[in-house]
Amino acid sequence: MSSNDEASDMMNESTDAPVEVTTDAIDREHEPSVVAPPEAAEPEAAAPCATEPPVVSENRIDRVFAGLRAEGKRALMPFVCADHPSPASTVSVIEAVDAAGASVIEIGIPFSDPIADGPVIAAAMHEALVAGSTPESVFESVRSVRDRVQAGLVAMVSVSIVQRIGEETFIRRAASAGFDGFIFPDCPLDEASDLSRRAADAGLTSTLLISTTTSAERAERIAKACTGFVYLVTRAGITGEQADAPDIGARVTKLREWTDLPIACGFGISTADHVRAVVEYADAAIVGSALVRRVNEAAASGRDASAAAGAFVRELAGGLE
Amino acid sequence: MTETTQNAGEAPGEQAVEERRISDYPTREGRFGVYGGAYVPETLVFALEELIETYRSIRENEQFWAELRELLRTWVGRPTPLYGANGLTRHIRSRSGKDKGAKIWLKREDLAHTGAHKINNALGQAMLAVKMGKTRIIAETGAGQHGVATATACAHLGLACDIYMGSEDARRQKLNVVRMQMLGARVIEVDSGSRTLKDATNEAMRDWMGSVETTHYIIGSVVGPHPFPAIVREFQSVIGREAMAQSLRAMGQMPDVIVACVGGGSNAAGIFYPMIEEEIRMIGVEAGGESSDAGRHAAPLSLGSPGILHGSMSYVLQDESGQTSEAHSCSAGLDYPGVGPEHSFWKDQGRVEYCAVTDQQALDAFLLLSRTEGIVPALETSHAIAKAVELAGEESKDANILVNLSGRGDKDVEEALRLMGGEVKPSEMRRVQRNRRKDKKRDGDRNAGKSQPDGKES
Ligand SMILES: Cc1ncc(COP(=O)(O)O)c(C=O)c1O
């Protein structure tokens, strides 16, 4: 393990972080076409993560975090709005974000009434819906991109959608498309364990949010209802870019008393400096609106949205070093 | 157990299922059967729990209710009258078969301050906000009636007030925008989504996510996450309590049928709930819009299916993948793709019948009531009138139909004119008056010596 750490660190220092190489997805060995030189040189160093005894989950998100932890590393978890800026762009944006250093990619399934989202993401979802986005179209994109990317893919989805399609059906379709987990931003805690169990049965993780206004007692219960990772909301309010890095140290420390799961922080994280401040405590930094805005701007000015997404995520990944 | 029920207006846990009556909902978890609940982002859970706590504590606070009653009396103008609509009844009888033509009674919420039932809830919740130590109020509004009522209550209580309104609605209801501003409120136009009530509600919830510590959200109907449906029902139940006592006095009995229009369902819940355990036929009237095609109506109970919108499970207009559909109604107050969870429960229980009335039928009823009674009803209310008129023609003369006249129609005059194609047709009115003179003569001959059906009673 330590030799692997060294290898990765050396790699990060010695190069200007070429994209493919900084993606520390641990099952890279299964993907010969993108095997990066340092790991290829030390196959036995990567192997233990993937072949660790029964404790290790088959789930990609669990494996990604286990691998990062073993290396003492943190994760970048960009949020992309599916089918935005156009239905055709989903695949290329996911690929670009993956190649640029994302460990897990949150894929927002567009919803007509996203009340936790600020103007940037809400507008992106609205545009995607107008362009014909459906959960099925998102599943199609994920299915076609799944084998080409390393990152864990998590569906951020409103329970309104899950309930309408049917929990069982929705989870089955998401699983068969290649999703590795879910974030349910508006699922009541008393219904979460049921959803979580069904997701687990299909081999997927299930994450709920803990807010700044959540009581300690409730935070503990929420953490226990999660699998894969816990999502800690950095501030009261909706998604959207912020000028200052959130102050989350105490809350993350407290949360660690109740859960061994990785803790991902999101809402308002907008720059590489913010990422750096967040991962000082948390296992992962989630960046949404800031990325969606770049995609928007690129699309509006006729530039390649996926290239813009990749460039920005690469910049954010600087905060992990 | 009775204690729990009294404490929180909620039934105890599942173990009491067999003893629970239809009036004993919601459960402690905010469920009306499978409907209701609280499907909200975690940030709002804190605010909802605080609201549940405050609501529980004020339920036992006699002083709170005494203060509210006094304001309802002196400032809102309650009790609103129960009015025997003889002109309308005569009109119906003149066109229906022998011994048909039930008598129509109107619960005059149009005479409440600001012209609709909305003030009952706005005032009650604003007082609740003061009790919680909140200094700022936010609300959503469609037609502007709930916005005006909220702005009015805030002016009275000295609370800062921001009203979210879809930019499309703000354009259609310019007068109410100005009214709210004159009352000191800030009107925030919403440009997202379809720019109507649904999107204004989203925006108000987004505001609340970031302002829960200082701000209370006064939702405008029996919708949204628990405990809103229960709280709004409580504040609107004054309508039904008054109407029950007034009916006993004026009719000597309970009404046979109660009819109310249903947007979110607050005026209907307000008049139904206090009498829900009685043997009274109840009918909720939704907006049938232009047709039953998707997007052309606002009738989730009649044409929708269960789903989650704005934090609760209820009948909703949604596509097959859970996206909220567009709604349409000529009346902005009914132009909403969702409905309160308790109505979904009452529907499934078979306790209340729900039906839909089209824009055109509502418009006809709007004119009919104006001309037979000298009461211009809101377009929302006109839906209930249309159904009541149809029903009265089929029911026997002895029957009493109570209609919740939820609001007055001054706000709708322009829209009604537009829907009539820019011209108000005069002929109908003349015929109604001729009939009335004939009826009067006939009634007079037959009932010589007997007193006429009464006018205003309360
Ligand atoms: C006069 C009137 N009636 C009815 C409604 C519909 O609301 P609800 O169904 O909550 O009573 C409105 C809403 O604006 C209204 O203004």
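**Reading the ligand shell and the chain contact**

Colleague: How many nonpolar, polar and charged residues does the shell around the ligand have?

Modeller: Ala, Val, Leu, Ile, Met, Phe, Trp, Tyr, Cys and Pro count as nonpolar, Asp, Glu, Lys and Arg as charged, and the others, Gly among them, as polar. Here the shell around the ligand has seven nonpolar, 13 polar and two charged residues. This is a predicted model: local features need pLDDT of at least 70, side-chain atom pairs count only at pLDDT 80 or more, and totals for chains, interfaces and linings use all residues. Residues are numbered from 1 along each chain as its sequence is written, while chains are lettered from A and ligands numbered from 1 in the order in which they are written.

Colleague: Which residues are the closest to the ligand?

Modeller: A residue is near a molecule if its C-beta atom, placed from the backbone, lies within 6 Å of it. Of the 22 residues that surround the ligand, the closest are Ser221(B), Gly263(B), Ser266(B), Gly333(B) and Gly407(B). Two or more shell residues come from each of α6 (145-157), α11 (266-272) and α15 (379-394) of chain B; helices (H or I, at least four residues) and strands (E, at least two) are DSSP runs, numbered from the N terminus. The most, three residues, come from α11(B).

Colleague: How many residues of chain A are in contact with chain B?

Modeller: Contact requires C-beta atoms, placed from the backbone, within 7 Å. By this criterion, 30 residues of chain A meet 27 of chain B. On the chain A side, α9(A) gives the most, with six residues.

Definitions and conventions. Contact = placed C-beta atoms within 7 Å.
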